[in-house]
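Open the model in your viewer and keep the selection panel at hand.

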Amino acid sequence: MATPETPATPTENHETVPKSEMIHEHSHEMVPENEMTHEQGHEMVPENEMTHEQSHEMVPENEMIHEHNHEMVPEHEMTHEHNHEMVPEHEMMHEHNHEMVPEHEMTHEHHHEMVPEHEMAHEHHLVHGNEIVPSNEMVPDDELIPLNEMVLAEPQPNYIETPPNNLETQPSKRRKKKSIVWEHFTIENMGGGTRRAQCKQCKQSFAYSTGSKVAGTSHLKRHIAKGTCPVVLRNQQNNNQLSPYSTPSKVSGYGGSTDPPKRRYRTASAPYLAFDPDRCRQEISRMIIMHDYPLHMVEHSGFLAFVQNLQPRFDMVSFNTVQGDCVATYLREKQAIQKVIEGVPGRICLTLDMWSSCYTVGYVFITGQYIDSDWKIHRKILNIIMEPYPDSDTAFSHAVAACLSDWSMEGKLFSVTINQLLGDSAVDNLRALLSVKNPLVLNGQLLVASCLARTLSSIAQGAFKFLHGTVKKIRDSVKYVKTSESHEEKFIELKQQLQVPSTKTLALDDQTQWNTTYEMLLAASELKEVFSCLDTSDPDYKDAPSMEDWKQVEVLCNYLKILFDTANLLTAPTIPTTNTFFHEAWKIQLELARAAANEDPSISSLTKTMQEEFDKYWKSCCLILAIAVVMDPRFKMKLVEFSFTKIYGEEAATYVKIVEEGIHELFLEYVALPLPLTPTYAEEVNGGVLKQENGGAGEAGLTDFDAYIMETTSQQSRSELDQYLEESLLPRVHEFDVVGWWKLNRMKYPTLSKMARDILSVPVSTVTADSVFSTVGKEMDRYRCSLRPETVEALICAKDWLQNASVNTSLHAPIKMEVPI
């Protein structure tokens, strides 16, 4: 439709333009003579016209060209592109988003921000405070900001449906403000028709309107979204929260949705975060610690280039600096662990694991295991002690002494578990040291124990060595099948023809992990018929195992299965309690003893060496494992009596008596020698009964009464153990939480529960879950050996503490059950 001032449109859509307009050089569009040139786009823009960002068509103030039919529309009849609704003159239509924009706002070409008409700035204009100032106005130089350094927030379009109004009259009711910016600002009337916007956070005041001129909201959005507001900036830095304009990245109305467009709030692309070089240094040190990166990586050219491009303002740290940062991280975490250790209500158990190195020095890994005041079991690496002479008799005693001194644990040590059998001199040195700084438990019988994982690995490795020839034949047969695709296809086809029911899959073993060798032998044994037929059908397959070889493999797998099942318990994600392993240990001892006495020489000769080696472990750990299972209310002394009868026969009563005497003696020690009264322990001792009120002259006269209470309580406590043992056994349930049971019954058995807590926290293994099946000792890598021992300790301990800070290593939640008290 053409306006009265516009002639009819000729053919080929060439529109007639008034004389005052001229043709643009490239687009052939008509441009008024009073146009002004945009410096970058070289487009002629009339003073009273707006340039569309993408089409670059010139539109007079009183006309807008419809995108599809190119009809001229009078200024008072602006037609919406889709619904052809009439729009008032003070609103204009965005071509793509179909958003209604007031006439006093214009679209920034690049950022699509709405800028008030009187804030349109030339490229060389400057910014003073929150306002754009023409270059010809006088403003102090130190307050001027180049426009190209301004950080502009994205616009916030509003979808407002406004009915057509009379062009000569203003609407009687002001539009409701829908911009999200008004959630952070309030409008104040200053008088004389002037209004200002005040930030709710920092109370700063900004220009908003003077008479009929409105300043717009762009500068208000910048104040909130770009971190200009000091209160918002401080909150973002403290809480690392998104800016007030943050919304999900997927906006309604896009992505192919058929729903009508909805109101969308503009967002800042990312929250404003101030650059903090100290925080960057901390994160570099944490990265190195958590991922075992070499400290020298901060001097590698590739890493330097990456950081420089990522953040040029960051001054890269040197090796010495990052080493200091890592040690600082370790010390900071150690302070928190120190408070935890000090607050442990019971005793602490230690494990010692000696690592070798290429420089003939050793590193003793000392790990502490304990049950906290919430009755959750924990394990933490406490120290890495370098020992110049790892084979000496004083190596372990020196490491333990250093640990006790470092963590102030004198008097709180309960047991020590070592990854290797010690000589008599080494054991004597260790017990002599501990007797000085720690009260001996059962005359030191619980202070030295062997590592179950190392014992099982040693036994399995010895069995493979005993049947070395047979194991090699099986390995070569598996290698023949697995290293050739054609051989494997023929093997599978033959298995299907023979209808062998086995679901096992052949796989070559890793000889440093004995479980892989066991699984290889087990799978091959179940597929022995296929191997036997492969010998006759494939002439290239030679040196097949004989029937005698398969028989030996079958016997070996039967006894290795017992070891394998026990070792698997040590790989559980939760920390198993000590009572769990009495069942496993006595079954291994019984089965190997029977096998060693078997009349079949093929069985007895194979298992005799295995039985002799495990018997050493059984003798050193039998007592503590038996006491631990007595603390399980499902078994108590009954399982000890039953298992010892199976193992020792007529001599079982003698060994049962040793356990009974040991547990009673240990209980009397807990009655006579209570633990140091840490705050948590003192609270449990009082149990809410002996709490005294602060102050009062009569308190000093109650000393004798306190002594009387302790004496009578001790006399009564001596019957706790007998009362516990006389009660009937609890029904056996799967995944029974024995520690949780003692937590529930700590008021009924105040002294016995403390003893049970310490016994159940004794570790039976010194190695981590990934090393349970390892057949080779741990060795410190060459790079870490080149570092100072203090740095090695800081890196390894800090990694363990940082990892466990977010990982729940406790047992299952306590099982709730009604227990009569």
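Select S18 and strand S19 (residues 194-199): the two pair in the antiparallel sense over six bridges. Strands, like helices, are DSSP runs numbered from the N terminus (strands E, at least two residues; helices H or I, at least four). Pairing requires at least two DSSP bridges between two strands. Pick Asn 189 next; its bridge partner in S19 is Arg 195.

This is a predicted model, numbered from 1 along each chain as its sequence is written. Local features need pLDDT of at least 70, side-chain atom pairs count only at pLDDT 80 or more, totals for chains, interfaces and linings use all residues, and side-chain values use heavy atoms, without hydrogens and water.

Widen to the open sheet: four strands, order S18-S19-S20-S21, antiparallel pairing. Strand S18 (185-191) and strand S21 (213-214) are at the edges; each has a single partner strand, so one side of each lacks a neighbour in the sheet. Angles run from 0 to 180 degrees between N-to-C directions of axes, lines fitted to C-alpha atoms, for helices over the stretch in contact.

Now show helix H9 (residues 468-482) and helix H11 (residues 514-526). Their axes come within 10 Å and cross at roughly 75°. H9 and H11 are therefore roughly perpendicular (65 to 115 degrees). Val 471, Ile 474, Arg 475 and Val 478 in H9 meet Thr 517, Met 520, Leu 521 and Ala 524 in H11.

Last, select Ser 415 in strand S25 (residues 413-418).

Technical notes. Angles under 35 degrees count as roughly parallel, over 145 as roughly antiparallel, 65 to 115 as roughly perpendicular and the rest as oblique. Contact means heavy atoms within 4.5 Å.
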